[in-house]
Amino acid sequence: MDLEPMGFEKRSSRERFPTDLLARLRDARRVVVLTGAGISAESGIPTFRDALTGLWAQYRAEDLATPEAFERNPALVWSWYRMRRELVVRAEPNPGHRAIARLESRLTRFTLITQNVDGLHRRAGSTDPVELHGSLLRARCSREGTVVDSWEEPKTGPPRCARCQAYLRPDVVWFGETLPEHALRRAREASAACDVFLSVGTSNLVEPAASLPWLAASAGAVVAVVNPSVEGQRSGTRVHHLLGRAGELLPALLAAGWPEEPNSPT
Ligand SMILES: [Zn+2]
């Protein structure tokens, strides 16, 4: 008995990928990859809410990830982000991250859009990801917005801006804040102009990232969704659902798309 939902294909990494996806991938003038929390989870990085454990279990997102929370208690908010930064620094990019970096190196026009803030794509070799939600590894002046990627960590509380002495805050998008305009514009432009759009490890429920695959599909791109579950995913004639982990499916997709290229072991 087939337990898969109608319209979705279950494929293991050993089975063939849809031929039109492989053909379009090889001949693509432009490929866009969108990633979400699922690919980070494969590196052991908890989601924002899953990180609210132990000492942090008593807090709500509103206590830790809003501009008001930072104004009220900058030391608390900073220590939450310091803890999460330490988690991601200890984590390692996984084969999914590395496959995306290899894909970039094989294509002339490639855009990686990520909702993740852990910096693992850059560590895997991706050169210029569009970070829709910012990065845990950067801070910015809470007054002037100047972005820094290194700072002296004080014993307590957030560090201060070297120019104006205001507090530095994490360079991430907090609840109630809008996404960085430049990043969102790059993401929309690339999605509307690509031939192949891969959505990886995201349930595609959170706007505005949720609309990017459909922006691509409506402009004629082939869309493939790589995710262990189809929950929340919209189906469509041009959308391939590849059920599984990014770390297994993406290296296999590259090997299938470029069989003549050496595929470094993952
Ligand atoms: Zn400043």
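Start with Pro213, which lies in helix 9, residues 212-218 (helices, H or I, have at least four residues and strands, E, at least two; both are DSSP runs numbered from the N terminus). This is a predicted model, where local features need pLDDT of at least 70, side-chain atom pairs count only at pLDDT 80 or more, and totals for chains, interfaces and linings use all residues. Residues are numbered from 1 along each chain as its sequence is written, and side-chain values use heavy atoms, with hydrogens and water left out.

Stay on Pro213. Its relative accessible area is 1%, so Pro213 is buried (buried is under 20%, exposed over 50%, partly exposed in between, with a 1.4 Å probe and protein chains only). Now show its contacts (heavy atoms within 4.5 Å). Leaving aside residues up to four places away in sequence, Pro213 touches Leu34, Phe197, Asn204 and Val223. Select Phe197: its C-alpha is 6.6 Å from that of Pro213, across 16 residues of sequence.

Next, select the zinc ion. Which residues coordinate it? Cys141 (SG), Glu144 (OE), Cys161 (SG) and Cys164 (SG) do, at 2.0 to 2.3 Å (donors are N, O and S atoms within 2.8 Å of the metal, or 3.2 Å for Na, K and Ca). Their spacing in sequence is C-x2-E-x16-C-x2-C.

Click on two of these residues. Cys141 is buried, at 2% relative accessibility. Glu144 is partly exposed, at 36%.

Finally, zoom out. The chain has 10 helices and 9 strands. Of its 266 residues, 52% are buried.
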